[in-house]
Structure formats: structure tokens, C-alpha cells
Amino acid sequence: SDGIWYGHYRVGGNYRMPALCAAVLRAQLARYPEALARREENGTYLAKRLSEIPGNRPLVRHPKVTRHAYHLFIWRYDTQAFDGLPRSVFFDALRAEGIAAYQGYSLPLNEQPVFTDKGFDPAHPAQRVDYAKIEVPEAKRACEEESCWFGQFVLLGTQRDMDDIADAVLKVYENRKELLESTG
């Protein structure tokens, strides 16, 4: 590994899970409806709260979506709205407030090692594609500058927990100039 978070190095398979894993999962399914409802309620609430803070844009939920699993809670961070505060400093400041957000994917898909190193069968048609020539500026910007994630477990908390997250983001926004000065 070369330090890439969530790096893809070779093509994988979609294999069936072992019986033991299936048994454990089946036992957990009884709790799923409650967890789903809580994540959806908290995800919707947190998205509303974050959208009220400049420079934060939660992903838009399409009106036809009737249920959202919130496997991840993802929003976009706008460095310019934070007067140029780098996303890494934003994350450091959130961690100082006890909120652990992270950037998500380090690289857009076409820059993943499996594609740049052609880590698949030599006869695979993908061998003929030069992935370095594919331009994905939106994905690249999201990976390098904008994306902010929480794992689904964060949304299993209380509404007060969601308020703590939003309050911490607001505190970072309100203190962005001081944070910029201290990192400059």
C-alpha cells in the first residue's frame, strides 16, 4: 500500500458470504428497521442544520427518494466560503471539537491503482483504455477539496448529537479567520 485511503489495487469478486457471517447478519436484521429510521431522521435533520451554515452543502436528496439508508453522510465543503481555510484545517478544528469527519475517497476512480497499474486480467478489455487521459474534474475536486463524510454510526446518535455536530461546524465557520491566521 502506498498510503491511499480506500485504494483499489486489483479487481475483486462478488462472492457469497459464509454461513457463519449470514447467521450473524440475520440475527442483526431485527434491529435494522429501528436503525434505518434513526439514521434517516438524523440524516435529514443534520442536512438541514448544515445547509444553514455557509460553505456546507449536504448532498441533495431527490424528491422521488422515499427512503435513504444514510450508509454515509456526505456533504461538500466550500473552501472559499471559509475564506480559503483548507479542508484539512477544517477537519483538524472539528476534531478539536470532538467531531471526527473525514475526506472520503482519496482519489477519483480513474486514478485508483487498479486502473493506473492495470491490475486486472491481461485479456480484459479495460487493458486498452488509457485511464490517465480520462478527465473527471468534478470527481477530482470532490476528492481533493470538497467531500466530507461521516460513517453511518454517527447518525445512530440522538438529535442532540446532530446539534453538536452542526454547532461544531458553525464554530469553525465563525472562527475561520483566527484558524487561518494560526496556520499561516
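**Group meeting talk: a helix and the core around it**

Let me begin with helix α3, where Arg87, Val89, Phe90, Phe91, Ala93 and Leu94 are buried, and buried here means under 20% relative accessible area, with exposed meaning over 50% and partly exposed in between, using a 1.4 Å probe and protein chains only. What I am showing is a predicted model, in which local features need pLDDT of at least 70 and side-chain atom pairs count only at pLDDT 80 or more, while totals for chains, interfaces and linings use all residues. Residues are numbered from 1 along each chain as its sequence is written, and side-chain values use heavy atoms, with hydrogens and water left out.

What covers the buried residues of α3? The cover includes β1 (56–58), β2, α5 (137–146), β3, α6 and α7 (176–183). Just after α3, Gly98 takes a positive phi of about 85 degrees.

For the overall layout, the chain has seven helices and three strands, where helices (H or I, at least four residues) and strands (E, at least two) are DSSP runs numbered from the N terminus. Read along the sequence, they follow the pattern α-α-β-β-α-α-α-β-α-α, and the C-alpha trace spans about 55 × 45 × 35 Å along its principal axes. Of the 184 residues in the chain, 33% are buried. Taking a contact as heavy atoms within 4.5 Å, we find that among contacts between residues at least 6 apart in sequence, 73% join residues at least 24 apart.

Now to the interior. In soluble globular proteins, nonpolar side chains tend to be buried together. A nonpolar core, for this talk, is a set of buried Ala, Val, Leu, Ile, Met, Phe, Trp, Tyr and Cys residues joined through side-chain atoms within 4.5 Å. The largest such core in this model has 28 residues, and those with the most contacts inside it are Leu46, Leu50, Phe73, Trp75, Phe90, Leu94 and Phe150. The elements that give two or more residues to this core are α2 (32–51), β2 (72–77), α3 (87–96), β3 (147–151) and α6 (159–174), and α6 gives the most, with seven residues. A second, separate core of five residues includes Val114, Phe115, Phe120 and Tyr131.

Leaving aside neighbours within four places in sequence, Glu146 is in contact with Arg57, Trp75, Arg76, Tyr77, Arg87 and Arg141. Thr79, in the loop between β2 and α3, is also buried, with a relative accessible area of 19%, and, with the neighbours within four places again left aside, Thr79 is in contact with Gly84, Leu85, Pro86 and Glu145.

Finally, the cysteines. How many disulfides are there in the whole structure? The search finds zero, a disulfide being a pair of cysteine sulfur atoms within 2.5 Å. Cys148 is in no disulfide, and the nearest cysteine sulfur, that of Cys143, is 12 Å away. Cys148 is buried, with a relative accessible area of 0%, whereas Cys21 is partly exposed, with a relative accessible area of 42%.
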